[in-house]
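Subject: The structure I promised you

Hi,

Here is the structure we talked about, ready for you to open. Have a look at it first, then read my notes below.

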Amino acid sequence: MIDHDNVYDGLVDEDSHGQWAFGTSFDDPLAGVDTTVPEDVNVQALAAYCLMLGDDALISAQRLAEWSTRAPELEEEVALANVGLDLLGQARLLLARAAAADESVVPWISETSPVPAEDALAFFRDEQAFRNVRLVELDNGDFATSIVRLLVFATFRLAVFDRLRTSRDPVLAAVAGKGVKELTYHRDYAARWVVTFGCGTDESRRRLADALTTIWPYVDELFQPTDQEIALSTVSVAVDPRTVREEFDGVIAQVLHAAESVLPEVGRVGTVGGRGGRRGLHTEAMGLILAEMQSVARAHPEGVW
């Protein structure tokens, strides 16, 4: 419990991490976890699924990092940074799991490269090899747009992770067990801001409406399952995203009702030849994200720091 009479107490309490975003801790989520892939699980499908979940988190974290020094208030800057760090932690574990399941997904750098597998996957894959949904790569826009994007993403991911806690893959179950606490904070943080926008001024309501119009066309892609998701869900390893749509819609409806707002009547962004983000087809924004995120690593591919 934080002593609100002394704001510095949390900085020196070694047994509590109250100064960080809710759900963040420094415990190893895989401590004591058997990382062996179950024998009846297709390792290529497991690796692909971990890349999907890991890339979603990685690109979302990169977008949130762009708010550093730019958020409306210092408190929101810290909150967004902590949300991004939570997602970055999830991304590292999931990318490492993908590499452990199927090392062929890891880009080759050199025989003596000191780059860990999860770093190689983050910094040395080309755009077409990323498997994140297009929602997370959208431009930050204004604060309302980023908040609506976070609400949509966190609501979807929390529903998936809640079910992944019983995954037969022990690593996915462990990551989900820790991630549920983090994602609950992410969703509730964004939801409170959406209600603030909707019940605020004419300007804040306009910005919320514009944000919903920008983000909502990309929502349906979250619930379009890949072959790997379907196959792994039948053996209780993954989650078929179609099964969380009702829960997702219910949460969003509840938040928008509290915000005295409604969903816009907009079309959805389609695929090209059946391809979307999960199959390597991204928005124009993705190339710019990767150029910034990967430039230092690619300039010094065997650098150590």
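What follows is a short tour, from the whole chain down to a few single residues.

First, some ground rules. This is a predicted model, so local features need pLDDT of at least 70 and side-chain atom pairs count only at pLDDT 80 or more, while totals for chains, interfaces and linings use all residues. Residues are numbered from 1 along each chain as its sequence is written, and side-chain values use heavy atoms, with hydrogens and water left out.

**The whole chain**

The predictor's confidence in each residue is called pLDDT and runs from 0 to 100. Its mean over the protein chain is 90, and 90% of the residues reach 70 or more. Be careful with residues 1-26, though: the pLDDT there is below 50, and the stretch has 21 contacts in the model beyond near neighbours in sequence. (A contact means heavy atoms within 4.5 Å.)

You'll find 10 helices and zero strands. Both are DSSP runs numbered from the N terminus, with at least four residues of H or I for a helix and at least two of E for a strand. Among contacts with a separation of 6 or more, 78% are between residues 24 or more positions apart. Of the 305 residues, 47% are buried. Buried means under 20% relative accessible area, exposed means over 50%, and partly exposed is in between (1.4 Å probe, protein chains only).

**The cores**

In soluble globular proteins, nonpolar side chains tend to be buried together. A nonpolar core is a set of buried Ala, Val, Leu, Ile, Met, Phe, Trp, Tyr and Cys residues joined through side-chain atoms within 4.5 Å. The largest one here has 85 residues, and Tyr49, Leu135, Val152, Phe161 and Val194 touch the most other members. Elements giving it two or more residues include helix 2 (43-65), helix 5 (143-164) and helix 6 (170-198). A second, separate core has five residues, among them Ile109 and Phe124.

For charges, Lys and Arg count as positive and Asp and Glu as negative; His and the chain ends are not counted. Arg157 sits in helix 5, and its side chain makes a polar contact of 2.9 Å with that of Gln90. (A polar contact is a pair of N or O atoms within 3.5 Å; within protein, one must be able to donate a hydrogen and the other to accept it, and residues adjacent in sequence count only if both atoms are side-chain atoms.)

Asp102 is also buried without a salt bridge, and Arg131, its nearest side chain of opposite charge, is 11 Å away. You'll find Asp102 in the loop between helix 3 (74-101) and helix 4 (117-123). Its side chain has a polar contact of 2.7 Å with the side chain of Ser104.

**Two more to click on**

Glu66 is in the loop between helix 2 and helix 3, and a 3.0 Å polar contact links its side chain to that of Arg63.

Is His257 buried or exposed? His257 counts as exposed because its relative accessible area is 67%. This residue belongs to helix 9 (residues 245-258).

Cheers

Technical notes. Salt bridge = Lys/Arg side-chain N within 4 Å of Asp/Glu carboxyl O.
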